[in-house]
Amino acid sequence: MEVRTRYGDDIDIDNLKATELRLGPPGTGEEVIPTQVVSRGNKRALPEDSTEYECEYKRSSSETASVESCLDTSPAAKAQVVGWPPIRSYRKKSFEAIKEVDQKGGLYVKVSMDGAPYLRKIDLNVYQGYEELRLALEDMFKCFSIGELYAIAYEDKDGDLMLVGDVPWRMFISSCKRMRIMKGCEARGLSSNS
Amino acid sequence: MASKKKKEAIDEGKSMEIRVSLFPDEVLERVLGFVKSHKDRSSVSLVCKDWYTAERWSRTHVFIGNCYSVSPEIVARRFPNIRSVTLKGKPRFSDFNLVPPNWGADIHSWLVVFASAYPFLEELRLKRMTVTDESLDFLARSFTGFKALSLVSCDGFSTDGLASIASYCRNLTELDIQESGIDDLGGSWLSYFPESFTSLETLNFANLNSEVNFDALEKLVSRCKSLKVLKVNRSITLEQLRRLLMRAPQLVELGTGSFSQDHLLRADAELEAAFNNCKSLHTLSGLWEVSSMYLPALYPACTNLIFLNLSYATLQSTELAKLLPNCPLLRRLWVLDTVEDKGLEAVASNCHFLEELRVFPADPFDQEGIPEGGGTGVTEFGFVAVSKGCPNLRYVLYFCRQMTNVAVATVVRNCPNFTHFRLCIMNMCEPDHITKDPMDEAFGAVVKTCKKLRRLAVSGLLTDRTFEYIGTYAKNLETLSVAFAGRSDRGMQSVLEGCPKLRKLEIRDCPFGNSALLSGLDRYESMRSLWMSACKVTINGCRLLARRMPRLNVEVIKEDDNDDTQAEKVYVYRSVAGPRRDAPPFVITM
């Protein structure tokens with residue numbers, strides 16, 4: 001294949017290989033297969049199975065010079081690729097912080113109410129914030145309430161009884177072990193504003 | 001100074017030739033002083049020698065898009081009266097860790113030259129440069145009238161460097177370190193602003209994590225009566241924010257801290273009152289840890305909002321739908337894909353004047369493709385919905401996991417005025433998820449319909465056809481980003497042959513080789529730069545390019561010793577400064 005440049009020279013691309021200048025010592029022969037795209041050690045995920053349109057991104061290891069099929073869709077093949085998707089580092093750090101708190105499979109905690117004969121169990125992951133939680137609890141326990149003022153407290157990781165609402169939501173759901181709906185008068189000692 | 005007059009050469013009856021420089025130099029310089037755009041100034045300087053001279057004397061701001069295209073000495077020699085410098089350093093793909101650390105773009109050598117050439121320098125705006133604490137200290141001490149420091153996506157410094165700036169820059173009006181990778185050693189730097197210091201107009205430390213002394217911050221905000229832009233970091237609580245707002249109701253741009261509260265389960269009326277005071281706000285950002293209970297407090301401040309950045313707030317569609325009706329004048333909106341298609345429908349119903357939309361993924365690296373929480377991010381439906389409701393859209397950045405050709409064609413039919421179209425289908429080589437065809441027709445539709453398109457980023461399964469379309473139709477295209485696309489050299493060639501205004505071309509993981517690289521021989525000098533990584537280019541191909549085009553710097557970044565023939569990362573750019581003298585060992589100039 002030839003490429004004609006503006007200066008009129010013919011560059012025979014195929015023959016370039018014969019005259020390749022290398023940066024390594026001479027004599028390090030390596031079998032080069034023309035259609036390969038050689039990976040430079042970047043972890044590269046292989047694309048999804050697409051039988052009709054084969055991607056041309058075949059990986060080869062420098063030791064074996066073998067070619068892995070790009071139809072390999074095992075989970076291991078979906079390893080992260082450097083710089084993909086193109087999200088900047090400062091954003092990634094924000095996501096990591098969010099992800100730390102999110103948990104798979106639900107975050108169930110027991111909720112007791114003073115005076116009620118039985119407890120409930122709720123999945124904290126389902127709620128977006130304190131407002132939703134409060135409404136859900138009101139709804140859940142309305143048959144037990146007798147019109148008094150209640151406060152919602154929770155037991156944290158250290159075993160202390162805390163008033164719900166003091167810390168950011170994400171911090172709350174990661175540290176809440178169980179909840180207790182207390183009669184308002186008993187909760188007075190917990191409030192930071194009383 | 002004696003005024004010069006040029007002879008008029010008027011040939012009556014034939015074509016009129018009037019020499020332009022009829023003015024004395026001082027007048028010409030004065031007139032040219034009104035020309036602000038750096039592109040216009042470049043044109044002005046090419047008219048004739050007199051205009052070149054007048055332009056260089058009257059220029060106060062210089063913009064250098066690639067710090068290695070010119071040397072600080074050349075700049076200082078040409079422009080004697082510079083007060084403001086904008087410099088950009090690393091290639092854009094360094095944002096995604098494709099450029100190794102210690103690559104270069106260090107500001108220090110520039111500062112040393114500027115300290116002697118421009119002792120009255122007032123503004124320095126840097127993007128993707130390396131800045132050390134030593135440099136910041138040098139800057140603070142060398143330029144007594146220094147006013148504005150903006151460091152976007154920079155690295156190499158710590159909060160100690162900020163302390164130097166705070167201590168010595170008595171006339172500082174702007175300190176903005178957004179998105180920079182900074183070594184956060186603590187928040188005491190803020191306390192270094194002296195009590196007599198009152199000139200601050202812009203303060204942005206949103207990307208820092210450590211707590212600043214709130215008392216010092218509150219006092220600073222109180223005494224800086226001209227403060228217009230304040231973007232605090234996550235450590236600032238809602239209550240603290242409320243107090244700051246009471247001190248600075250004149251704010252025009254606000255970045256909040258954590259938007260939740262150490263209070264009982266009720267919204268704070270005082271908070272709402274504080275936001276009610278801020279009627280001049282046109283930009284709002286921050287909103288980390290946003291609690292939906294407190295969002296309504298924001299509403300009164302949203303009446304005049306032009307730009308709302310919710311890209312750190314994991315909002316659901318219902319919360320967004322409640323917030324948006326309060327922002328009738330919105331022109332720019334950034335959101336997370338937690339709002340899903342339903343949230344975008346709310347955008348379509350409420351934001352009639354929207355010009356820019358960016359949708360970022362909340363969970364970009366999820367392996368299964370289904371983010372935790374069961375949400376699916378946004379799809380082609382959300383995209384089409386927005387295009388129907390927001391006909392003025394001209395800038396979009398859209399991260400999604402699935403797309404169709406038909407949807408994209410519909411979007412651009414509804415919004416033909418796109419100038420920036422950046423679509424990122426996060427699964428690599430993803431075809432049209434309904435027809436399983438490549439996404440060629442999608443981008444074909446974009447370039448055929450959007451005649452004003454200046455910036456394009458493509459993704460999904462793409463053949464050379466996409467690039468043929470781009471070369472045929474995208475005549476105003478200036479920036480193109482390509483990843484995991486194309487089939488042969490023909491792809492890249494089509495773009496280089498067909499896009500006369502191309503300035504920046506960045507390519508990764510595509511099967512483009514030496515023919516493609518060399519087909520652009522006579523293009524690269526009119527471009528700012530070319531980046532190619534993990535393509536099929538060889539060292540020899542690069543050498544050939546360098547030999548043919550001596551005014552280009554052809555650099556190969558070589559990180560491992562596996563294969564000595566492949567050029568793993570290639571960076572090509574025009575330069576009048578010759579090859580880099582500060583290149584690290586892994587950057588080889590051909």
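Me: A crossing is left-handed if the near helix is turned anticlockwise from the far one by less than a right angle, and right-handed if clockwise; which hand does the crossing of α5(B) and α6(B) have?

Reply: This is a predicted model, in which local features need pLDDT of at least 70 and side-chain atom pairs 80 or more, while totals for chains, interfaces and linings use all residues. Residues are numbered from 1 along each chain, chains are lettered from A and ligands numbered from 1 in the order written, and side-chain values use heavy atoms, without hydrogens or water. The crossing of α5(B) and α6(B) is left-handed.

Me: Why are α5(B) and α6(B) called roughly parallel?

Reply: The axes of α5 (residues 108–117) and α6 (residues 133–142) of chain B, lines fitted to C-alpha atoms over the stretch in contact, come within 10 Å and cross at roughly 15 degrees. Angles under 35 degrees count as roughly parallel, over 145 as roughly antiparallel, 65 to 115 as roughly perpendicular and the rest as oblique, so α5(B) and α6(B) are roughly parallel. In contact (heavy atoms within 4.5 Å), B:H108, B:L111, B:V112 and B:A115 of α5(B) meet residues of α6(B) including B:F138 and B:L139.

Me: What makes B:N553 buried?

Reply: The relative accessible area of B:N553 is 5%, and buried means under 20%, exposed over 50%, partly exposed in between (1.4 Å probe, protein chains only), so B:N553 is buried. B:N553 lies in strand β21 (residues 552–557) of chain B, and its contacts beyond four places in sequence include B:Y571, B:G578 and B:R580.

Me: Why is helix α17 of chain B described as largely enclosed?

Reply: Eight of the ten residues of α17 (residues 489–498) are buried, so the helix is largely enclosed by the rest of the structure. Among the buried residues are B:M492, B:V495 and B:L496, and the elements covering the buried residues of α17(B) include α16 (464–473) and β19 (504–508) of chain B.

Notes. Helix = DSSP H or I, 4+ residues; strand = E, 2+ residues; numbered from the N terminus. Axes fitted to C-alpha atoms, helices over the stretch in contact; angles between N-to-C directions. Left-handed = near helix turned anticlockwise from the far one by under 90°.
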